[in-house]
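Subject: A structure for you to explore

Hi there,

Here is the structure I promised to pass on to you. Please open it next to this email and look for each residue as you read.

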Amino acid sequence: MDPAGPGPAGGCGALSTTDITPARSPRGGLWKRSRTFGPAVRLLLLNQLTINLGFYMLMPYLAAHLADGLGMAAWTVGLVLGVRNLSQQGMFLVGGALADRFGFKPLIVAGCALRTLGFGGLALAQSLPVLVAASLATGLAGALFNPAVRACLAAEAGEERRVEAFALFNAYYQAGILLGPLVGVALTGVSFRLTCVVAALLFLGLTLVQLRHLPVSAGGGRPEPKEAGARGPFRTVLGNRVFWLFSLAMTGSYVLSFQVYLALPLAAGGTGATTALFVVSALVALAGQLRITAWCAARLGRERSLVAGLALMGGAFLLPAALGRGVTALLLCAAVLAVANAVLYPYEMDTVVALSRGRWVATHYGLYNTVCGVGITLGNLGTGLLLDVTGWTAVPWLALGGVGLGCAAAVAALGRGGRLRTE
């Protein structure tokens, strides 16, 4: 194997770019497997669980609070939510570049601190300007810590265990999504302000814990002299043609995953059925992620796992196309989507690192998130228009299925051309 040198400024360690099949993972449950990693990885996993717990205990109920609690017009609710999404998606690339420049730890700590302020602001806000400012801070916080967390996890886990680390990461991620709304609905039953305060305190705790316990080595490298200028990371990442092709090919997977928030809840109708969709998705990931990753590592490897996951994701939408929009078909679709995501996610994150060749890794993650975020917006618009035109016929489901199969074909073509190999 021919390892590349450590990544600039954000590198927690040397990132090798050899295309390998990960070694068989050790046996054990989620926590037992987590303990086989070093302290930094364990902290990053618990960090992501808490981030999602705090976020999802608050954000699903924000729109109702703005409309019903504060009596705001629909356009102002849309503005507040839109500012949060735009500030996060639009700043991912900048957040990643800052992490590569100044180190992963400062950006992770700064992001959590900023989200503490944002959620605290939502607890106190009564006017539109304050709400917009708090929402802006909440979104910008995600742009700061998301690329840094993923790049730091990849470096701290090391090449041999990178895929396994991202499999664990996804399990903790889904656990936060499962627990967050349950805690949030209980707190919001008392008051939405209490929910905001508790979420802010969670992020304050995260800030202090990471400030003290996340190793300084989580971001201690230096940029290469020839790339030390401000445009170094942007020039390198934006000029990575294969990375662009991979990002565009994978965008469809995010459009399809997002249908758990759009098409499936609309088809299900009712809070109970919608809640069941999220519970099924999270439970499948928690119960199956490690086993699925181990199976893929033993039998498929990285490129074939990517293709299989995308094809499976497209196939999930053939179930409601064939069976109709009954609850059973929708739950099966959500379950298959969760399995597909479990197949994809660890290898998808690993491929981003591999295609970066260990240079400006966080910036690559930032651009990847931005591209996929734009894709989600356009994909949701297209899905909504298709539903308006065709109604709940088989057509929207077949179109979504076609997106998954098309993305699978695109990634397979990249693999056949040898572009995903990084020796």
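Below is what was found in it, starting with the whole chain and moving on to single residues.

A word on the source: this is a predicted model, in which local features need pLDDT of at least 70 and side-chain atom pairs count only at pLDDT 80 or more, while totals for chains, interfaces and linings use all residues. Residues are numbered from 1 along each chain as its sequence is written, and side-chain values use heavy atoms, with hydrogens and water left out.

**The whole chain**

The protein chain has 18 helices and zero strands. Both are DSSP runs numbered from the N terminus, helices being H or I with at least four residues and strands E with at least two. Of its 423 residues, 54% are buried. Buried means under 20% relative accessible area, exposed means over 50%, and partly exposed lies in between (1.4 Å probe, protein chains only).

**The core**

In soluble globular proteins, nonpolar side chains tend to be buried together. A nonpolar core here is a set of buried Ala, Val, Leu, Ile, Met, Phe, Trp, Tyr and Cys residues joined through side-chain atoms within 4.5 Å. The largest one holds 105 residues, and Phe 119, Phe 246, Leu 264 and Tyr 365 touch the most other members. Helix α16 (residues 327-356) gives this core its largest share, 14 residues. If you leave aside neighbours within four places in sequence, the contacts of Tyr 365 include Pro 147, Phe 166, Met 349 and Val 353.

**Salt bridges**

There are four salt bridges in the structure; the term means a side-chain nitrogen of Lys or Arg within 4 Å of a carboxyl oxygen of Asp or Glu. In one of them, Glu 164 meets Arg 33 at 3.4 Å, N to O. Glu 164 is in helix α8 (residues 162-190) and Arg 33 in helix α1 (residues 30-34), so this pair ties together parts that are 131 residues apart in sequence. Glu 164 also forms a salt bridge with Arg 161, with the closest N and O atoms 3.0 Å apart. Glu 164 is buried, at 6% relative accessible area, whereas Arg 161 is partly exposed, at 22%.

Another salt bridge joins the side chains of Arg 162 and Asp 350 at 2.5 Å, N to O. Arg 162 in helix α8 and Asp 350 in helix α16 are 188 residues apart, so look for a link between distant parts of the chain. Arg 162 is buried, with a relative accessible area of 2%, and Asp 350 is buried as well, at 6%. Through shared partners, Arg 33, Arg 161 and Glu 164 are joined into one network.

Most residues other than glycine have a negative phi. Trp 360 is not a glycine, yet its phi is positive, about 55°. You will find Trp 360 in the loop between α16 and α17 (361-390), where it is buried with a relative accessible area of 0%.

Enjoy exploring, and write back with any questions!

Best wishes

Terms used: Contact = heavy atoms within 4.5 Å.
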